[in-house]
Amino acid sequence: AEEGRAMERTWRYLSGVARGGPPVDDERAGGDHGDRDGGTLRTPLVGASSSSGGLGDLCVAEEGRARKRTPTFTIGPVGPRDREAVGAMPETKLLFSVEGMFCTECSDKVQEAVLEVNGVTSAEATLFPGTVIARGGGNLRERGAIEEVRSAIERAGFAAGYPDVSCGGRVAVSSPLAQKSRTTKLVRATIAVQGMSCAECATSLEAALLALPGIVIAAVSLLTGTAAVEFQVDRVSVSAIVRAISSAGFEAKITEVVGGEDGHAGGGGGHGGLATAKLRVGGMTCSACAASVEEALNAVMGVASATVNAVTGWALVRYDPQATGPRGLVEAVEAAGFEGEVWRRDETRRDAPGQVSASPWRRKLVISLCLCLPVFVVLPVVLRVWDRLGDDLRRTEVLGVHLLAVIQLAFATPIQFYVGFGFYVGAWHALRNGRANMDVLVALGTTSAYGFSVFDLVRFRAMGGDLRLFFDSSALLITFICLGKYLETSAKARTSDAISKLMQLTPDTAILVELDKDGQVKAEQEILTTLIHVGDCLKVLPGTKIPTDGVVSSGKSYVDESMITGESIPVLKSPGDQVIGGTVNTAGLLHMKATKIGSDTALSQIIKMVETAQMSKAPVQRYADKISSYFVPIVVILAVTTFLSWYICGTTGAYPSSWIPLGNTVLTFSLTFGISVVVAACPCALG
């Protein structure tokens, strides 16, 4: 009996904790097993459930130890006394995973729809990774209120999953997304990817990444040649992700890895007000050097954590921007006897191998044109004008074959296997991963035309008859596709240049001013903009750029903000006015106080929005990608059906034998039609 009462008290305690209120004991419960209202037993606001789709692991054990599990809680009916308890609870937060948001207009639409729901005091929609947070009073925990928010999101035209409900820091209901990400710390990696040639490549790479255990989010941008991955660091490693990309047939290089606590990926700002800085450390020769740098960084006031890798030469530091900054971190590294430099975002973009370049496709296009135009474009025109030359070429034989056919073979072979080698590589990797992209269609179509031409040459040499060659088809197809790839990569390169120019708006250096107790200028020094701290006093000379976001402390001047706001007329700035980093101080001397640095500045946020938009796909683009994934198999099925139809009709005598050219059989005649279907569909890869 004592054990039973002890278990009952334990369960009442857990029920009180899950409800967000104080634990329920026997005295407060009045000795009953539940609260009664009008003689009817009421279930608690949050009750126990044995279903498997609720709360996941809340306590993750250390490595090598078993995980602890807690009961699963679900939303239950609400009674009057529960509503009173809810009213006394802290702010309630609903976290929904939303599918279908592809631009800021979508996120704004979702946010406005949620704000219209009764009881919602604030809403925040995030485009990446596609979530919306609704905040309000305790009534948001009621099932009806949750369904109302979900319905509002769906009426806006988007799909919403079941929410993660939290109140006062305690999780009441867990969605699959939140359950997956809560099990451990999340890390976000940005990877430069080379070798993607079409939308199907990006789709197949996303599928390969999401198939890895521990991957929460994977987004691949064909336009920028980058992949953004959020993953659980205890289930999958960065090297495993790189190997998966390599196995999919692409080249990968990690450009940025940012970790956050409690499932939040860090960036310029982090969870709990912490910022993240990445330093390049020079002079480290062993693990002991890395340990000494870590010790020096952790000794800096305000540093929460520091991780140093002696192999890569990078240090990742999370710190409180109100207590220290990049300048203090670099000074600590230099005091330890090493060289320190703050990483700049534009360095990765400038040096990454995934940067789009049109040079390889331009080189292939030039080679293909040099081989293709003389034989397959100019020569046919000359032969029509100069009949005697055509007769001489046809009468001249090499190894029993017309000289013209030998010339076509000689010029088409390097186009097929040198210029078109990349299509074979892409097709092989796509087929190995169980997908059929446009590389498969190009390789299949051009190889069919080239292979049939070689086969017909051998047949003509052995049996005679009519000679039918498709060397011109394969060579011209590869040339046209190279032209399309060159135009595509040129457009991508211009887009990447636009973002790089945005990054270059921020000046490289700034003038740091040291003030005395009376507010007078005591000393000045020129520093890198990456070393600016929040609260620094900066001097902006006429004609120079504002180094970072801040507030004017003294002086008046007109500032040209056209590169940010589009306003062509300079704006007058006086003490107390906000200034934006990257804008130009046209006239007058300004002293300003830095309020935002690094990735928190307005310019960095604009760049982040542009990159996020590039990583997202519009609905019509996703629809086109879906169609393209079925296009290649459909073309192959149609080609095989065409071949079989003509072959069966030929063997059964459905069409006269006079249709079959001299020296051909029913098999070769039918094969011509099947190849024609593939070759006709091949130029679709240009799209």
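The following questions and answers explain how terms are applied to this predicted model.

Q: What rules apply to residue numbers and to the values for this model?
A: Residues are numbered from 1 along each chain as its sequence is written, and side-chain values use heavy atoms, without hydrogens and water. Because the model is predicted, local features need pLDDT of at least 70 and side-chain atom pairs count only at pLDDT 80 or more, while totals for chains, interfaces and linings use all residues.

Q: How many helices and strands does the chain have, and what makes a run count as one or the other?
A: The chain has 21 helices and 29 strands. Both are DSSP runs numbered from the N terminus: a helix is H or I with at least four residues, and a strand is E with at least two.

Q: What makes strand 25 a partner of strand 26?
A: Two strands pair if DSSP finds at least two bridges between them. Three bridges join strand 25 (residues 557-560) to strand 26 (residues 571-573), so the two strands pair, and they run antiparallel. Within this pairing, V559 stands opposite V571.

Q: What is the strand order in the open sheet of six strands, and why are strand 22 and strand 27 said to stand at the edges?
A: The order is 22-21-23-29-24-27, with antiparallel pairing. Strand 22 (521-528) and strand 27 (578-579) each have a single partner strand, so one side of each lacks a neighbour in the sheet. Strand 23 and strand 29, by comparison, are joined by four bridges and run antiparallel; V540 stands opposite L590 in strand 29.

Q: Why is Q408 called buried?
A: Buried means under 20% relative accessible area, exposed means over 50%, and partly exposed lies in between (1.4 Å probe, protein chains only). Q408 has 17% relative accessibility, so it counts as buried. Q408 belongs to helix 14 (residues 403-419). Leaving aside neighbours within four places in sequence, its contacts (heavy atoms within 4.5 Å) are V375, F376, L469 and F471.

Q: What makes H533 and T255 buried?
A: H533 has 13% relative accessibility, so it counts as buried. T255 has a relative accessible area of 14%, so it too is buried. H533 is in the loop between strand 22 and strand 23, and beyond its neighbours within four places in sequence it contacts residues including T324, P326, R327 and I597. T255 is in strand 14 (residues 251-259). Of the 687 residues of the chain, 44% count as buried.

Q: What makes a group of residues a nonpolar core, and which residues have the most contacts inside the largest one?
A: A nonpolar core is a set of buried Ala, Val, Leu, Ile, Met, Phe, Trp, Tyr and Cys residues joined through side-chain atoms within 4.5 Å. The largest has 37 residues, and L279, V281, M284, V293, L297 and L329 have the most contacts inside it. Among the elements that each supply at least two of its residues are strand 15 (275-282), helix 9 (287-298) and strand 29 (590-596).

Q: Why is this core said to lie between domain 3 and domain 5?
A: Domain 3 (281-343) and domain 5 (509-600) both give residues to the core, so it lies between them. The domain bounds come from an automatic or database domain assignment. A second, separate core of 25 residues includes I415, L457, A475 and C482.

Q: Why is the pair of F452 and F470 called tilted?
A: Rings of Phe, Tyr and Trp (its six-membered ring) pair if their centres lie within 6.5 Å; planes under 30 degrees apart count as stacked, over 60 as edge-to-face and the rest as tilted. The ring centres of F452 and F470 are 5.7 Å apart and their planes are at 55°, so the pair is tilted. F452 is in helix 16 (residues 438-463) and F470 in the loop between helix 16 and helix 17 (471-503), so the pair ties together parts 18 residues apart in sequence.

Q: How do you know that K278 lies over the face of W314?
A: A charge sits over a ring if NZ of Lys or CZ of Arg is within 6 Å of the ring centre and within 35 degrees of the ring normal. K278 lies over the face of W314 at 4.6 Å from the ring centre, and K364 lies over the face of W361 at 4.7 Å.
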